[in-house]
Amino acid sequence: MMSSGVSVFRVGVTVVMMSLFYKSAEGSLLELSPQDYFNTLQPGKASLAYFCHDDSPSASVYLEELKEAVGPLQDHGISAAKVNCDKEETSMYCGKEEDLMKAYLFRGNVLLREFPVDTLFDVNAIVAHVLFALLFNEVKYVATIEDLQTIENTLKGKENMIFSYVRGIGTPEHRAVMEAAFVYGTTYKFVLTTEIALLESISSDNIARAHLYFFHCELVLDLTQPCRRTRMKQTLTTLNIHAFVKTMKAPLLTEVAEDPQEVSTIHLQLGLPLVFIISQKATYEADRRTAEWIAWRLLGKAGVLLLLRDSLEVNIPQHVNVVLKRAEKDTPLDFLLLQDTDSVVSYVENNISYEEIQEDEDCDMDTLDLGIQDDEVAETVYRDRKRPLPLELMVDLREETFNTTVAASDSVVLFYAGWQAVSMALLQSYVEVAVKLKGTSPMLLTRINCADWPDVCTKQNVTEFPAVKIYKKGQDPLSYAGMLGTEDLLRFIQLNKISCPVSITSVQEAEEYLSGELYKDLVTYSPVSVLGLFSPAMTTAKEGFTEAANYLKGSAITGIYSEEDVWILSKKYAAVPPALLLARHKESKIETVPLTSTQAQDVIQVITNGLLETFPEITVENLPTYFRLQKPLLILFSDGSINTQHIEAILTVAKQGHLGSLIPCWLNVKNTPVGRGILQAYFGHLPPLPLLLLVNLHSGGQVFAFPSDKSITQQNLASWLKKLEAGLENYITILSAQEWKPPLPAYDFLRMMDAAASQQPTSKAEFWKETDVQENDEEEQEDQPVAIEEPLGMLRMKHWNRNNLVKETEKSFQHDKEL
């Protein structure tokens, strides 16, 4: 049951409001003084207020969004106002500029919740947050599967539940769920989560998108049994959820005895088909059980009715046991003879297209997507803001301790800003790294908040944040330019425990290095170890290799051997110096790569190509690496681990040279759910897996499918590839020739990677190194900081300096959209 305050609030939605708020034009944002605002608040009525100064530059972006949200808020009986904080009037909500970055939700004169305005980033976020606060008793947030099961158990035999997963608080899907809870909160128990792990424990079907389930707990009499669940297949919009709930309220099975053409139910009105199961008196009980079973399978997708043939005046062919009536007008009935329940369900699902109900409001999808991409990090950080982090695992640096700390021991330093979402997200990853390295890392993990100590960060040439640098005695600081996740950051730190390249001094040590025994604790982070073979006289070649190894520091294990007995290794591995030995530890094999050029940039390219796996699993993270090679992909799609026979067949064909320029790889749709969307785009439905495809991304865009009636063997695969080469196979689809441009230049991560790759060094000085700025205090005050160019990473981070830190804070909304 709802609280009395919420009940009064909802009743007020239908009442003509006579206060000053509702005398204003509908959909307009009121501008009031603090005194006028508080005088107009009414008991039981909700109001959202933003207190600001007229000349506040940081308020303009949020006010534009608040003006757009006035109408939707008024639809729910909630008023919104801008409260001007002038000099004549004072209010506890009119403080310093940093205090005015919040919006306040009142019911009557009682403050319910305050929101940082950076979480109310658009209309959807404003409406979702406000309703979430008002419906606190109706919508329960859960974080674990145990919490969900506890609620489910309490509802068995009493009440049904609507459980939803959304990617973040404030997204359009979250708003849709909250608006549904506003309408149905007294009828059903609403439960919400943003935890992907919780969703994975329920379903593995396309977990990248929002989900909504209807839990049929009211019918459960045996408390040891779980509630039956029905998933909503359509996109989470307000109208789609409304339609879905309507189908859940409709009778599971209806008996009719009239012409199917004359029958109409709520399902037809909602655009769903009707499935008539034909029955007769002799088999009535069995037919009814069958119809009920089908009805559960098609719940939310179609209406199911039991049609009694014996009492029907219309003649239905004797061989027919199912009649399908589509929602489209003037569409003839389908008279079917289907053998089992699976056939009925499959026929309906495969032959009926469900049109989603479109919202009345105009919706710019491009803007919508940008909003989600832009604020997903911020919303995740905001959602996790109350989770304690074990910050004691790292040293908190200050201006007076920075130089002495990094000079005393090898240190990893995280430069971040406490008010910036991406910085706080990386801080969480950094903490996870600290937990994994607790008590084992020879390097000291430290952090410094650049918002508190901007001078220190400027002197350390930190022009983008968050940033991670490694400081080692006698060396220039090394900057991290990888992904902002835990695993990539951990790999970078671990691989920097050793020098790069490692100097190997004996043949025995070289063999231990190649076998992985020398650095067995690091081979999990770099499955390929690179050993350069050079004769003692090859000075220039050794310098080029050393330069390249330094450039790849933190991303690969590299070693160099140039002793007089190098010929022993040269003879054993058929490698004439200068050459590289690539030890692939997973495959227990060693490859020889001759160095035709010893220029640093050429060696870097050879090593980079050598680090690529022979048969990689394609993920969202590594796809750009293989995409940049501009070669067709031979992709084996699987629903889990792949068959070893399939791997052997593909690798054998590759060794025989049948693949040519193709890149063999595989994609696990369980690990990378977007793979299901790719297959649906290619076929129009999700085909059976495993499935082998050839995708020609860069030349023609054709997609070819390996015959589904043949097994993936060496012989069949080689024959299929020969037919492809001869032009005897037909493609299943052609990818659009339209250029795949990102919505904003700041999202063009492939271009950033290419730009970083093009900045390969041509001399020893051209590395990710910086001028040593750890001088004494007097020299630091006299010298101007030198701006050192750093390579672009996978994520364009905010550019800043000491002089514009306050300005950046005021314009955080605009800059967030540049991420």
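**Close-ups of a predicted model**

**View 1. Serine 411 sits opposite leucine 444 of strand E18.** This is a predicted model, and here we zoom in on strand E17, which covers residues 411–416. E17 and E18 (residues 444–449) run parallel, and 6 bridges join them. Look along E17 and you'll see its side chains split into two groups: Ser411, Val413 and Phe415 point one way, while Val412, Leu414 and Tyr416 point the other. Whichever way they point, all of them are buried. With 6 of its 6 residues buried, E17 is therefore largely enclosed by the rest of the structure.

**View 2. Five strands line up as an open sheet.** Read across this sheet and the 5 strands come in the order E6-E8-E7-E9-E10, with mixed pairing. At the edges are E6 (139–141) and E10 (228–231), each of which pairs on one side only. Ignoring direction, neighbouring strands here are turned by 25° against each other on average. As a bit of background, strands of a sheet pair through backbone hydrogen bonds, and they can do so in a parallel or an antiparallel way.

**View 3. Strands E7 and E8 run parallel, with a helix lying across the sheet.** Zoom in on E7 (residues 161–165) and E8 (residues 189–193), and you'll find 5 bridges joining them. Now bring in helix H6 (residues 145–155): it lies across E6, E7, E8, E9 (211–216) and E10. H6 runs at about 165° to E7.

**View 4. Helices H4 and H5 cross at roughly 55°.** The axes of H4 (residues 60–75) and H5 come within 8 Å. Who does the touching? From H4 it's Tyr62, Glu65, Leu66, Glu68, Ala69, Pro72 and Leu73, and they meet Val123, Ile126, Val127 and Val130 of H5. The crossing itself is right-handed.

**View 5. The largest nonpolar core contains 51 residues.** Helix H5 (residues 123–134) gives the most to this core, with 8 residues. The residues with the most contacts inside the core are Leu48, Tyr62, Leu66, Leu73, Phe190 and Ile241.

**View 6. Zooming back out to the whole chain.** The protein chain holds 29 helices and 32 strands. Of its 819 residues, 49% count as buried. Among contacts with a separation of 6 or more, 74% come from residues 24 or more positions apart.

Conventions
Residues numbered from 1 in each chain as written. Predicted model: local features only at pLDDT ≥ 70, side-chain atom pairs only at ≥ 80, totals over all residues. Heavy atoms only, no water. Core = buried A, V, L, I, M, F, W, Y, C linked by side-chain atoms within 4.5 Å. Buried < 20%, exposed > 50% of the residue type's maximum accessible area, 1.4 Å probe, protein only. Helix = DSSP H or I, 4+ residues; strand = E, 2+ residues; numbered from the N terminus. Pairing = 2+ DSSP bridges. Axes fitted to C-alpha atoms, helices over the stretch in contact; angles between N-to-C directions. Contact = heavy atoms within 4.5 Å. Left-handed = near helix turned anticlockwise from the far one by under 90°.
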